Amino acid sequence: MGRVIRGLSKNARFIAVDTTDIVQRAMEIHHCNILAADSFGRILTVASLMGNSLKGEDILTLRTDTNGQIKNILVTTDSNGNVKGYVSNPTPDVSDTSLLGEGTLKVIKDFGLKDPYIGFCQITNHGLAYDLSGYFYSSEQIPTVIAFTVLFRDEHTVEKAGGYMLQLLPNAEEDFLEALERKIEAIRSIDELFHGGMDLEDIIALLYDDMDSEEKKEMEEYEILEEKEIRYYCNCNRDKFYRALITLGKDEIDKILKEDGKVEAECHFCGKHYEFREEDFNHETN
């Protein structure tokens with residue numbers, strides 16, 4: 001299981017996630033090499049950060065469309081902290097460092113309305129965290145500090161994955177903003193913080209630590225409002241695939257059955273395999 005904490009202060013709200021188990025599970029399901037797991041894991045972590053504000057039946061989907069070796073990554077998450085994903089190239093060439101490359105990250109928020117909200121984030125060579133900060137500021141008008149990483153123990157094992165996101169509230173005070181900017185410039189990278197053994201609470205405490213004061217105090221008081229588990233979870237089942245298959249129509253299903261004796265389907269998110277035979281379709285196709 002992964003873990004997320006969410007909280008609030010007078011001038012900002014924050015989210016921090018540990019996605020180590022999620023990225024490890026995704027790596028195993030999709031048979032990713034270490035390069036694919038790194039890129040895939042970062043998108044899974046970003047989705048876990050962004051999805052924490054979802055409510056009810058809301059769904060968040062992130063999809064990359066880039067010119068690198070890994071052209072497409074699709075990740076979806078819900079309000080319960082369930083996240084799943086798909087990577088188009090799980091084994092990129094280790095001699096070619098052009099993994100994601102440049103392109104777009106599509107942000108789709110389905111709130112159960114007629115049309116979902118769709119936004120776009122440009123993916124550049126400046127780094128995904130930099131690009132996402134720009135997206136939040138330009139598309140959602142929210143000044144945002146975001147950092148995330150995936151660290152590996154070896155080619156098959158995720159040592160640590162996670163990150164944090166801090167967003168300023170409307171009318172945030174200038175003094176807090178200036179102090180936060182100095183803090184972000186001064187603290188070590190998220191990789192170093194995790195390597196140093198910091199957990200999510202430690203990182204949030206570090207962000208709010210008032211380094212301008214000789215006394216040990218915070219820039220302002222903050223409160224952790226929620227802590228919950230998150231996980232890699234796919235909600236596919238046989239019935240969902242069956243309902244999708246019957247939309248092919250009787251003629252197409254009969255053709256497949258005649259050629260193969262069965263209709264097979266595999267879930268791109270979790271790798272589960274489903275088989276359907278002629279008797280499964282009798283009440284639909286007769």
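**Chatting through a predicted model**

Q: Is Tyr117 buried or exposed, or in between?
A: Tyr117 is partly exposed, with a relative accessible area of 31%. Buried means under 20% relative accessible area, exposed over 50%, and partly exposed in between (1.4 Å probe, protein chains only).

Q: What should I know about the model and the numbering?
A: This is a predicted model: local features need pLDDT of at least 70, side-chain atom pairs count only at pLDDT 80 or more, and totals for chains, interfaces and linings use all residues. Residues are numbered from 1 along each chain as its sequence is written, and side-chain values use heavy atoms, leaving out hydrogens and water.

Q: OK, back to Tyr117. Which strand is it in?
A: Tyr117 is in strand β7, residues 117-123. Strands (E, at least two residues) and helices (H or I, at least four) are DSSP runs, numbered from the N terminus.

Q: How many helices and strands does the chain have?
A: The chain has 9 helices and 12 strands.

Q: Switching to β2: why is it largely enclosed?
A: Because 6 of the 7 residues of strand β2 (residues 12-18) are buried, β2 is largely enclosed by the rest of the structure.

Q: Which strands does β2 pair with?
A: β2 pairs in the antiparallel sense with β1 (residues 2-9) over 6 bridges, and with β9 (residues 157-168), also antiparallel, over 7 bridges. Two strands pair if DSSP finds at least two bridges between them.

Q: Which residues face each other there?
A: Arg3 stands opposite Asp18 in β2, and Val17 has Gly163 in β9 as its bridge partner.

Q: What joins β1 to β2?
A: A hairpin, through 2 residues.
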